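Welcome! Here is a short briefing for anyone meeting this structure for the first time. Have a look at it below, and then we will walk through a few of its features together.

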Amino acid sequence: MAGLPSPNKPLWLLAELTYACPLQCPYCSNPLDFAQQKTELDTEAWLKVLREARALGATQLGFSGGEPTTRPDLEILIAEARKMGYYTNLITSGVGLKPERIAAFKAAGLDHIQVSFQASSAELNDYLAGTAAFEHKQAIAREVKKQGYPMVLCFVLHRQNTDNIAEILDLAEELGADYVELATTQYYGWALVNRDQLLPTREQLQRAEPIAHAYQEKFKGKMKIYYVVPDYYEGRPKACMNGWGNIFLTIAPDGTALPCHSARELPNLTFPNVQEHSLKWIWEESPAFQHFRGDEWMKEPCRTCPEKAKDFGGCRCQAYLLTGDATNADPVCSLSPHHETIVAAINQANPDLPSKALIFRNPKNSKQFSKI
Amino acid sequence: MIDINQKISISPAYRFQWEEAQQCYVLLYPEGMIQLNFSAGEILKYCAIPEQSVATLLQSLQQAFPEIVDIRSDVFAFLEVAHKNGWITLTE
């Protein structure tokens, strides 16, 4: 690939160990057809991925899924990753987890645990999770702190829980979180299917934002709160993944290497598999990882936009899903000629309109999508 | 603020290590990383030595970098920032 600058290092490796999950969150980032994809890399194949990514410069490692704790070899992966020098993060729902296993992870060298919650009340949490999980999650969060881990609590925000932002942050404080991630729902896959029921209203955000900022101030130095306004309401796109193939590398359960976990939805791109290629080739040379690097691929208005180095034209997956062409500007940008699709989505996501039922992320619904 | 008799250490909330691929020291924390420039990395390298006082740290750094005339003010300026960011812990 003469003429192309050598890429940055994949500092962040996200290992999606499995699509198995006891929860059914209707905004899950897993593909709609996850039930079709049953192949999982074995322990040795994962260790090879970890070694190769570390050699390329990966430093942060996230064990994710699905629910990564359903993998019985997680202790082995943690121990080996820690020996390689990774900072190891476990991203879990806490469901199915027991104190003894949290201690085993600690003994293996796990650095940090992120526990996800769906809401601040048992009723809403368990409705969204599709299972009674709230009480157990609280017990697990307390256990994580008791065993001396730094803890991130992650709440995915959407219309059903945005009004409870104060209760959410009070709960996080009570559970002893060091960091709280108020993650905005990203409308791909399952969340896009459920967008009319999940997109918060402008009024909700106008109420939530000052509360989030007040809590950031209140807990300064004690509990760090990450909060961003959803990109649908921002007028400018997010710098998605800090740029395509720039610092993030995701490995799906079957070994497919992706620049982000949604990229599989893009057409005309073949993503390489770690069982067929070295990670070095995948990161530095594979056509898929080169595809949206730099700005050669951009169309107007991005190509001549003074902000293109800041947001890289936004998210390729969002551009494709909402405009049909992944090389278009992310339509959340007010300069995009397709921005009216976002305006329409905001108008459509009106709580006063008759509401459809949420479609939960489970194998049954996934199989329905696979038939389409 | 910072007393030279205080014991200094890297805060337990962070992990400090050399990154070969990046050719720099980094501070690692949940889902994040701070890439350190040369002087910050050198100062924190000495902070990572157990049971060390600020006074010993200053001495070691002065010995390591004899060409820097007034290392004390530079080190103190960095330690103030590092303390404010929670990267280091100071104890009596």
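This is a predicted model: local features need pLDDT of at least 70, side-chain atom pairs count only at pLDDT 80 or more; totals for chains, interfaces and linings use all residues.

Over all chains, the structure holds 20 aromatic pairs, and two of them are described here in detail.

**Two helices side by side**

- Helix α2 of chain A covers residues 74–84 and helix α3 of chain A covers residues 99–108; their axes are 8 Å apart and meet at an angle of about 25 degrees.
- Angles under 35 degrees count as roughly parallel, and α2(A) and α3(A) are therefore roughly parallel to each other.
- The crossing in which α2(A) passes α3(A) is right-handed.
- On the α2(A) side, the contact is made by A:Leu74, A:Glu75, A:Ile78, A:Ala79 and A:Arg82, while α3(A) brings in A:Arg101, A:Ala104, A:Phe105 and A:Ala108.
- Sorted by class, this contact of α2(A) with α3(A) has six nonpolar and three charged residues, with no polar ones.

- Within the structure's 20 aromatic pairs, A:Tyr19 and A:Phe34 form an edge-to-face pair, at 6.5 Å centre to centre and with 65 degrees between the planes.
- Both A:Tyr19 and A:Phe34 lie in the loop between β1 (12–16) and α1 (43–56) of chain A, so their pair ties together parts that are 15 residues apart in sequence.
- A:Tyr19 counts as buried, because its relative accessibility is 6%.
- A:Phe34 also has a relative accessibility of 6%, so A:Phe34 counts as buried.
- A:Phe34 pairs with A:Trp190 too: the ring centres are 6.2 Å apart and the planes stand at 55 degrees, so this pair is tilted.
- A:Trp190 belongs to helix α7 (residues 189–193) of chain A, whereas A:Phe34 is in the loop between β1 and α1, so the pair ties together parts that are 156 residues apart in sequence.
- Like A:Phe34, A:Trp190 is buried.

**A residue in a loop**

- Where is A:Asp295 found? A:Asp295 sits in the loop between α11 (287–290) and α12 (308–311) of chain A.
- With 29% relative accessibility, A:Asp295 counts as partly exposed.
- Leaving aside neighbours within four places in sequence, A:Asp295 is in contact with A:Arg303 and A:Lys308.
- A:Asp295 and A:Ala309 are 14 residues apart along the chain, and their C-alpha atoms are separated by 8.6 Å.

Notes. Residues are numbered from 1 along each chain as its sequence is written. Chains are lettered from A and ligands numbered from 1 in the order in which they are written. Side-chain values use heavy atoms; hydrogens and water are left out. Axes are lines fitted to C-alpha atoms, for helices over the stretch in contact, and angles run from 0 to 180 degrees between N-to-C directions. Helices (H or I, at least four residues) and strands (E, at least two) are DSSP runs, numbered from the N terminus. Angles under 35 degrees count as roughly parallel, over 145 as roughly antiparallel, 65 to 115 as roughly perpendicular and the rest as oblique. A crossing is left-handed if the near helix is turned anticlockwise from the far one by less than a right angle, and right-handed if clockwise. Contact means heavy atoms within 4.5 Å. Ala, Val, Leu, Ile, Met, Phe, Trp, Tyr, Cys and Pro count as nonpolar, Asp, Glu, Lys and Arg as charged, and the others, Gly among them, as polar. Rings of Phe, Tyr and Trp (its six-membered ring) pair if their centres lie within 6.5 Å; planes under 30 degrees apart count as stacked, over 60 as edge-to-face and the rest as tilted. Buried means under 20% relative accessible area, exposed over 50%, partly exposed in between (1.4 Å probe, protein chains only).
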